[in-house]
Amino acid sequence: MFWKNSKKKNDQGPAQPSKSIADLLVQLETNPDFNHFCHKSKTLTCWISYINTVVDLEYIHRDLLPALYSERVQCMKDIAQVVPIDKLIETRDLSVIQTSLLDGYFMIQPSKRSQHVYLIPCPKKQARQVADTEVETSIVGAHDSFVESLETNINLVRSRIPIPQFKVEEQRIGKLSRTRISILYIEGLANKANLNTTRQRITDLETVSVINANMLALMIGDNSQSFFPQFFDTERPDRVSGALYEGKIAVLVDGSPSALILPSTVVEFFATIDDYSLTWPVASLYRLLRLFAVAFSVISSSLYVAALTYHYQLVPKDLLATLIVSRSSVPYDPIIEVLLLEVMIELLREAGVRLPTKVGQTIGIVGGIVIGTASVQAGVTSNILLIIIAMSALAAFITPNYRMATTIRLMRFPFILAAQMFGLIGVGLCFMFFVCHLLKLTSLGRPFIEPIYPMRVTDLKDSFIRLPSNMQGQRPLFLRTADKNRVNLHRTMQKKGKAKPDIDE
Amino acid sequence: MKQKAVLIAPLIAILFLSGCLPTSIIDDVLLVEAEGVDYLGNEKVMGTITMPNYVENPNPGSAGAGLPTTASMLRHLSGVTYDGKSLVDRFQQSGQMPIRVGKIRLMLFNTAMAKKGLYKQIDLRNRDPDSPRDMNFAVVEGSCRKLLTSADYQTQIPVARYIQDMIEQNTEQNYPESTMESFMYAYYGDYMDPFLPIIRKQGDHIAMHGLALFKNDKYVMRLSENRVFTFKMLFQKFNQGVYDYEFAPNKHIAFKNVHTDVNYKVKNGNSAAPDIYASVNVSAQVRQAYPKSLSKASSPVMEKKLNRHMAKQSAQLVRRFQRKGIDPLQLGQHVRSYTRNFDGKSWPERYANARFHCKVDVTIKQTGISE
């Protein structure tokens with residue numbers, strides 16, 4: 001094959017490790033932002049190197065260099081006393097030196113080629129301010145969301161979990177990128193097996209680079225062929241801390257404003273954080289509404305195709321006239337009509353997302369009003385179908401998780417094709433296919449549709465409905481946490497004392 | 001590689017062969033709404049089918065693409081054929097689009113056809129999976145063809161829908177249910193006979209005209225309109241029926257039943273003359289009364305009168321059924337369910353001798369807002 005020959009030439013790849021510190025310096029010196037110079041004061045001569053685009057230059061100029069010029073620094077060992085820093089790393093390890101330099105450390109060598117170096121951390125992180133949530137917005141809940149800096153993100157979570165049991169493990173993955181990844185969990189709650197699986201999947205990952213958390217989710221997911229996202233991704237620190245308190249594990253990736261929650265079940269994708277701010281009957285109704293919306297969104301257009309193509313018997317008699325009249329001027333079969341509109345809606349959505357916000361609104365108006373009405377008046381689609389498609393698009397957007405929303409939107413296409421091929425039987429077959437797939441799907445080795453199959457009644461309390469918090473005394477059974485009770489169950493279930501009359505009678 | 005081929009080949013086959021499935025796209029077929037069968041004699045019938053005529057609303061711009069609207073479709077077809085022939089097949093050759101029977105609402109037979117016997121028609125409908133089980137059957141006094149194809153009705157609504165709506169709203173009041181399902185149940189069931197409503201054209205409208213009672217598949221007796229309430233009262237529990245009672249010459253009282261239920265008890269079910277006890281409770285709301293005929297004090301008197309009158313009417317009704325040897329009230333079923341080791345073979349002879357005891361208890365709940 002062609003690529004086998006080209007492999008030989010690739011021996012000067014960037015992945016080649018430096019043999020010695022001299023090699024490293026030579027390699028780095030070609031970069032214009034690498035500073036490597038001899039420092040000479042009255043008392044000390046040493047070599048200083050840093051990459052000025054990743055270090056905090058202000059800190060170096062204000063604190064480090066004046067300290068080095070100070071007369072109190074007689075030899076290398078004095079640096080630790082004089083320079084106002086919390087840690088000074090003294091190392092000979094080349095790999096540590098390399099990563100530290102690239103991460104924004106300030107390196108001091110006694111001589112130009114000395115293996116023995118001192119490293120002072122002074123990285124500068126360009127991070128966005130913590131801003132409002134944009135994808136998973138909440139009305140009454142917290143408004144802060146993760147940003148691209150790992151430290152800020154951990155800070156956001158840690159400030160919500162101020163306990164010593166909260167653990168953060170850091171790993172670096174990506175053959176080239178060496179991206180920092182943090183695994184967050186609460187010791188004594190998170191299931192050990194889950195934790196080990198997470199660690200193993202992340203360390204064993206064969207990849208060049210990890211750019212964001214969702215990419216990582218796809219790489220460490222149980223089934224990479226699946227339509228469904230297997231790990232919940234969120235930009236909300238409150239959601240992450242809630243999950244950690246349940247005994248789940250969170251994974252943060254440096255440079256990515258979202259966190260992964262593992263393991264996840266399918267019902268989680270339809271719960272919002274606002275559900276926990278509302279009274280339980282209201283929250284339950286909204287969850288059921290979301291469930292209905294998903295079913296409607298997936299099934300409605302395929303049912304339209306099936307009923308109008310094969311099962312005219314099923315159309316209610318009062319709807320018959322409306323349907324026939326609205327379809328009478330449409331020259332296509334129902335399937336073409338449906339695909340046309342569905343693709344149109346997808347185009348609109350995609351255009352709306354890609355365009356800047358201000359233009360995006362215009363696209364909504366153009367798409368919704370102009371194209372919608374025009375296509376009906378031109379006789380390309382029927383009125384009824386326009387309503388059905390618009391409703392199902394709306395219903396798809398009701399899903400709180402963006403990745404799940406896209407899945408649900410695309411899931412309808414196999415249904416539509418199956419409906420055209422076999423009518424209602426086709427819809428049934430397609431449904432069966434998806435059910436079988438979901439039954440087999442796992443998240444971190446745990447069943448993905450857990451409260452339904454296998455049936456776990458305790459976990460149903462916070463799934464399609466949300467029961468009041470005094471009935472939520474147990475952590476999800478699904479997670480097999482080390483401590484299964486959230487609270488002292490005996491006390492939540494305690495009977496009230498005997499009622500005393502307000503006024504002595 | 002081989003595995004993949006095994007997987008992909010059927011998918012491709014499905015994709016290409018699915019185009020060969022016959023479709024019935026809703027606006028590319030003619031949906032039959034009503035069928036009418038007139039008996040011509042000598043096993044020949046005149047069949048009529050009607051199709052809906054959906055008029056597109058004159059909404060400017062909505063009629064695009066310059067295509068013909070459904071308003072210009074065929075509306076009805078009729079022709080001579082033999083008894084028991086599927087009319088849809090008979091008229092397929094004259095359909096401008098495929099004619100489909102799956103949305104049929106109404107099946108009409110004229111009295112000659114019903115008297116001759118419906119068993120071929122029943123078999124045809126029962127065999128066809130496309131026939132909706134909740135379609136209405138009815139007997140037409142006069143010609144079905146005239147009824148279905150007349151253009152002189154007051155309403156613009158397609159005649160099939162007009163008739164079905166009329167039958168359905170009457171079914172919610174005085175008339176018992178007469179769908180295909182209930183007809184088939186009584187036809188195929190043991191110790192019972194079916195019935196159908198009679199409709200007829202009266203000038204520029206259509207009206208219900210009593211019940212046609214069948215012996216097996218043959219129309220043998222007509223129940224006049226004022227007896228239908230009594231019939232339904234003995235047949236099932238119901239409400240919203242209206243009964244008009246002429247308690248003295250030219251003095252009427254009419255009530256709406258808030259609720260009616262009937263209970264049957266049977267004694268000596270296997271004897272030559274079984275005793276059938278029917279007890280009926282009627283809760284009535286008086287809608288109309290001869291002035292000064294009814295007051296709070298006098299309502300028990302009126303109740304008693306009604307009790308006697310309705311019990312008498314019920315007994316008369318059953319007597320007439322017994323003489324004809326028909327059992328539309330499904331009394332035989334009640335006897336069977338009350339009798340251990342029921343002797344079904346001799347039932348037809350014993351039915352004629354059965355003693356029917358009817359007790360009606362009318363309670364006037366309300367006499368209106370004024371005395």
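Modeller: In what follows, helices (H or I, at least four residues) and strands (E, at least two) are DSSP runs, numbered from the N terminus. The model under discussion is predicted.

Biologist: What is the omega of the peptide bond from A:L262 to A:P263?

Modeller: A:P263 is found in chain A, in the loop that runs between strand 10 (259-262) and helix 10 (280-309). The bond from A:L262 to A:P263 is cis, and its omega is near -15°.

Biologist: What phi does A:R178 have?

Modeller: Most residues other than glycine have a negative phi. A:R178 is located in the loop between strand 6 (166-173) and strand 7 (179-186) of chain A. Although A:R178 is not a glycine, its phi is positive, at about 45°.

Biologist: Are helix 12 and helix 14 of chain A roughly parallel or oblique to each other?

Modeller: Helix 12 (residues 334-354) and helix 14 (residues 383-397) of chain A pack with their axes 10 Å apart, at an angle of about 40°. Angles under 35 degrees would count as roughly parallel. The relation of helix 12 of chain A to helix 14 of chain A is therefore oblique.

Biologist: Is the crossing of helix 4 and helix 7 of chain B left-handed or right-handed?

Modeller: In chain B, helix 4 (residues 119-127) packs against helix 7 (residues 180-188) at an angle of about 120°, the axes being 12 Å apart. These two helices of chain B are therefore oblique to each other. The crossing of helix 4 of chain B and helix 7 of chain B is left-handed.

Biologist: Which residue follows helix 9 of chain B?

Modeller: Helix 9 (residues 299-324) of chain B has 26 residues and reaches 37 Å from its first C-alpha to its last, close to the 38 Å expected at 1.5 Å a residue. The residue after helix 9 of chain B has a positive phi, near 75°, and is B:G325.

Key:
Residues are numbered from 1 along each chain as its sequence is written. Chains are lettered from A and ligands numbered from 1 in the order in which they are written. This is a predicted model: local features need pLDDT of at least 70, side-chain atom pairs count only at pLDDT 80 or more; totals for chains, interfaces and linings use all residues. Side-chain values use heavy atoms; hydrogens and water are left out. The expected span of a helix is 1.5 Å times one less than its number of residues. Axes are lines fitted to C-alpha atoms, for helices over the stretch in contact, and angles run from 0 to 180 degrees between N-to-C directions. Angles under 35 degrees count as roughly parallel, over 145 as roughly antiparallel, 65 to 115 as roughly perpendicular and the rest as oblique. A crossing is left-handed if the near helix is turned anticlockwise from the far one by less than a right angle, and right-handed if clockwise.
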